[in-house]
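Visitor: I am new to reading protein models, and I would like to learn how to look at a residue and then at a pocket. Could you take me through one of each?

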Amino acid sequence: MSWNFIYQFSLLPHFLLTFIAPFLFILTIIIFVHELGHFLVARWCGIKVLAFSIGFGPELVGFTDRLGTRWKVSLIPLGGYVKFFGDDNVASVPDTDAIATMGPDERRVSFFHKSVGARAAVVAAGPIANFVLAIAIFTALFAIHGKEEIAPRVGTVVAGSAAEAAGFRPGDLVLSIDGSAIESFGDMQDIVTLNAEEPLDIVVEREGAKVVLRATPTLTPEKDRFGNVYRVGRLGISAPKASLEDIRTIRYGPLGALREGVKRTWLVVDQTFRYLGRWAVGRASSDQLGGPVRMAQMASEAASLGFATLMGLAGLISVSIGMLNLFPIPLLDGGHLLFYG
């Protein structure tokens, strides 16, 4: 046995702890809440639930509750399902043979025999639960940590950049981009990153006067710590050295935190649809689209920055999964809703 193999094997626990564990942690929370949405509305509508599973494939561990639902954790953790009475499989395809022989009592608890409105409510409850989870996570983070903002002031302008071409100067304070108010440097980065090669009308305050600049972010390659290369929009400006007048920490009460949580969730939805729209017509890079491996890398990186950062990522992924499930694709919730419609 080579020493190289022994060394690599010794790194396995570290790999599982730092790479796999954070991903499974947030994915399990998101899947559980999604399926819980389906489950609770189904129970409310009087539908019998046969199984509630986190993961697919063979059962690892589980129990049966007093109403006959089998709660279980399955081998493959990349998803989950709720199986209703009258379903042939986990995708809620009706069991036609069983349905044909059902008696009146069985029909009353069968998913297939419920009204279209009830079935649509059960299906929609999963994605809605993901949005509620995201709002809850963001609200909690704002309530506990508040929000630290750096004023959207231009510190330096890179020579030959889109910002220089547009006429930015050090000291400019960005007020709005395409009509959207900008409160922090992070707000500006969020918009610029997802609007590569899209002209933006930017209002800045310069020496007490408002100046309108038109800039087109350049599609720029970036590399994360895992070596993945992706392309995002960049103007070519940086924030100035932090000063007390440009840094503020905002504290929120319960209602203020909830308002900010809803705003953050809507921002993710809005920017995602803008990006997908540009990607569909070939005006945005597909580098930011990723599967489980990419999400695992992001979870690992977020976990290294702290629990709050990891939960913030969980909120972002929860919104993404909620939106994905509403797409009118067969087997997804959106495909079922389209059929019911």
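Predicted model: local features only at pLDDT ≥ 70, side-chain atom pairs only at ≥ 80, totals over all residues.

Visitor: Which side chain does the side chain of Ser110 join in a polar contact?

Guide: Its partner is the side chain of His113, and the polar contact between the two is 3.2 Å.

Visitor: Where in the chain does Ser110 lie, and is Ser110 buried or exposed?

Guide: Ser110 belongs to the loop that runs between helix 4 (104-108) and helix 5 (116-145). A residue is called buried when its relative accessible area is under 20%, and because Ser110 has 0% relative accessibility, Ser110 counts as buried. Leaving aside residues up to four places away in sequence, Ser110 touches Phe85, Gly86 and Met102.

Visitor: Now for the pocket: what volume does the second largest pocket have, and which residues lie nearest its centre?

Guide: The volume of the second largest pocket is about 610 Å³. Its lining is made of 24 residues, and those nearest the centre are Ser180, Ala181, Asp187, Ile191 and Leu267. Two or more lining residues come from each of strand 6 (180-181), helix 7 (185-193) and helix 8 (254-280), with helix 8 giving the largest share, nine residues.

Visitor: How many nonpolar, polar and charged residues does that lining have?

Guide: Sorted by class, the lining of the second largest pocket has twelve charged, nine nonpolar and three polar residues.

Methods. Residues numbered from 1 in each chain as written. Heavy atoms only, no water. Helix = DSSP H or I, 4+ residues; strand = E, 2+ residues; numbered from the N terminus. Buried < 20%, exposed > 50% of the residue type's maximum accessible area, 1.4 Å probe, protein only. Polar contact = N/O pair within 3.5 Å; in protein donor to acceptor, adjacent residues only side chain to side chain. Contact = heavy atoms within 4.5 Å. 1 Å grid on protein atoms, 1.4 Å probe; cavity = no way out; pocket = protein on both sides within 12 Å on 5 of 7 lines; lining within 4 Å. Points joined across faces, edges and corners; volume = space filled by probe spheres on them. Nonpolar A, V, L, I, M, F, W, Y, C, P; charged D, E, K, R; others polar.
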